[in-house]
Amino acid sequence: MVKEIERKGIAVVHVCTVTPISLTVGANRIVPAVAIPHPLGNPKLNPQEEFTLRKKLVEKALQALTTPVSEQHVFES
Amino acid sequence: MEAKRVVVYLNQFFGQIGGEDKADTPPQSVAKAVGPGVGLQANLPENCTIVGTIICGDGYFNENLEEASTAVRQMLEEFAPHVVVAGPAFNAGRYGMACGMVGKIAHELGIPAVSGMYPENPGVEAYRQYLYIIETGNSAAAMRSALPAMGKLAGKLANGEPIGPPAEEGYLSRGIRKNVFADKRGSERAIDLLLQKLKGEPFTTEYPIPHFDRVEPAAAISDLSQVTVAVVTSGGIVPKGNPDRIEASSASRYGKYSIAGLDTLTAEGFETAHGGYDPVYANQNPNRVVPVDALRELEKEGKIGRLFPYFYTTVGNGTSVANARKYAAEIAAELVNEGVQAVILTST
């Protein structure tokens, strides 16, 4: 899905936990997520902490969109 | 014949520990055949015995790749098998990735390994060089035809017998070329193929051209505060009640749902339709998959120009590559028309 969106010229960032799959399917901007059933959250945190974590991850995804890449890149924390 | 030892790798489901709620189970082992292993034993040569089964949750394996690999390596060293059989994983992506990694670990230990997967399983592309992957159907309904082929190949590997080419043994091409003697020289074979092709007869190429489908990275966004950002997910978030009945696996459609005016996705308004992961956390707080709350705040702060008033969603669970491609192409065409320049795509 990532590839078809990028093919149309839209900048796309893949936020996912199993980054090896993302690399295999051909995403170019990849941001590692928290866990498979809750990629952008962590139920162990209190709601405020969890929101902060999510916002940070989204900001990181946005940062990836503003970063030039020439090949596949995983934006590790 | 000398007795040979076989070890089987299974996920939490086939290992009879539990469903998605047990996907976080760390690796464990038992000194006997379990689940599909029982059927596999019946398909192994007489001198091959399943001496152990390693079971790990699909979630745990993929989220803790290093820890899981270390534990599996240790267990394999203890069992010291002559061959490892992982799966079959059919079209289960996380399970296929785990089976492939187990094959890689076995390969590093000098032990041959066999798995079974549907050709679109990402585990095929990622790990095919390390193990033999028997081609299976896309669901466990194909178990009955998978086990005989896997058992036969595992038996040959355990006994050190020569392995034939992919089409003969039923495994997916590993991209390895072997020199063989042919009856005719290359130029004659090429002409024969060309004539067959011109006559419209069936023919088999000797060297399929590898197909690398890569897309150039899109240019970086220079100023996000001027840009509309959309969210697309394969995590199956839908309005409560799943009005368009997007299937829990092998989704035949995608949905487009309004988030206009919403500051957050509430548990009352949204849920997940995905059948391939434990839905508890996404149902409690759908922002964990489609982060509307965070994006809305970033929109208010002016970090992004605008959050696109709809999100697109499908269930990425055994969904065929052809369908996923079709949905995304339609979604992308619509986004281009709407002037969306940036997409966050979340996957579970």
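A: Asn242(B) lies in the loop between strand S8 (237–239) and strand S9 (255–258) of chain B, and what follows describes a predicted model. The phi angle of Asn242(B) is near 50°, a positive value in a residue that is not glycine, and Asn242(B) counts as buried, because its relative accessibility is 13% and the cut-off for burial is under 20%. The loop between S8 and S9 of chain B also holds Ser250(B), for which phi is again positive, at about 45°, although Ser250(B) is not a glycine either. Ser250(B) is partly exposed, with 41% relative accessible area. As background, most residues other than glycine have a negative phi, and most peptide bonds are trans.

Strand S4 leads on to the aromatic side chains. Over all chains, a search of the whole structure finds twelve aromatic pairs. In one of them, the ring centres of Phe14(B) and Phe90(B) are 6.5 Å apart and the planes stand at 50°, so the pair is tilted. Phe14(B) sits in the loop between strand S1 (4–11) and strand S2 (28–30) of chain B, whereas Phe90(B) is in strand S4 (residues 83–90), so this pair ties together parts 76 residues apart in sequence. Phe14(B) is buried at 16% relative accessibility, and Phe90(B) is buried too, with a relative accessible area of 3%. Phe14(B) also pairs with Tyr95(B): here the centres are 5.9 Å apart and the planes at 20°, so the pair is stacked. Because Tyr95(B) lies in helix H4 (residues 93–108) of chain B and Phe14(B) in the loop between S1 and S2, this second pair ties together parts that are 81 residues apart in sequence. Phe14(B) and Tyr95(B) are both buried.

Elsewhere in chain B, ring pairs join Tyr254(B), Phe308(B), Tyr310(B), Tyr312(B) and Tyr327(B) into a cluster. Tyr310(B), a member of that cluster, has Lys256(B) over its face, at 4.5 Å from the ring centre.

Chain B has eleven helices and twelve strands, and 48% of its 348 residues count as buried. Among its contacts between residues at least 6 apart in sequence, 73% join residues at least 24 apart.

The contact between the chains takes 51 residues from chain A and 60 residues from chain B. Together the two chains bury about 4,500 Å², with 69% of it on carbon and sulfur atoms. Eight salt bridges are counted between chain A and chain B, along with 21 residue pairs in polar contact, both residues being at pLDDT 80 or more. On the side of chain A that touches chain B, the elements giving two or more residues are helix H1 (2–7), strand S1 (11–16), helix H2 (19–25) and helix H3 (47–65) of chain A. Of these, H3(A) gives the most, with nine residues.

Helix H3 of chain A holds both Glu50(A) and Arg54(A), four residues apart, about one turn of the helix, and these two form a salt bridge in which the closest N and O atoms are 3.7 Å apart. Arg54(A) also meets Asp293(B) in a salt bridge, at 2.7 Å from N to O. Glu50(A) is buried at 4% relative accessible area, as is Arg54(A) at 2%. Further along the contact, Lys303(B) and Glu59(A) form a salt bridge at 3.4 Å, N to O. That pair crosses between chains, from Lys303(B) in the loop between helix H10 (292–300) and strand S11 (306–313) of chain B to Glu59(A) in helix H3 of chain A. Both ends are partly exposed, Lys303(B) at 41% relative accessibility and Glu59(A) at 29%.

Helix H1 of chain A takes part as well. The side chains of Arg7(A) and Asp213(B) meet in a salt bridge at 3.1 Å, N to O; Arg7(A) is in helix H1 of chain A and Asp213(B) in the loop between helix H8 (186–198) and strand S7 (228–233) of chain B, so the pair joins two chains. Arg7(A) is partly exposed at 41% relative accessibility, whereas Asp213(B) is buried at 18%. Both residues belong to a network of salt bridges that links Lys3(A), Glu4(A), Arg7(A), Asp213(B) and Arg325(B).

Conventions:
Residues numbered from 1 in each chain as written. Chains lettered and ligands numbered in written order. Predicted model: local features only at pLDDT ≥ 70, side-chain atom pairs only at ≥ 80, totals over all residues. Heavy atoms only, no water. Phe/Tyr/Trp six-rings, centres within 6.5 Å; stacked < 30°, edge-to-face > 60°. Buried < 20%, exposed > 50% of the residue type's maximum accessible area, 1.4 Å probe, protein only. Lys NZ or Arg CZ within 6 Å of the ring centre and 35° of its normal. Contact = heavy atoms within 4.5 Å. Buried area = accessible area lost by both parts, 1.4 Å probe. Salt bridge = Lys/Arg side-chain N within 4 Å of Asp/Glu carboxyl O. Polar contact = N/O pair within 3.5 Å; in protein donor to acceptor, adjacent residues only side chain to side chain.
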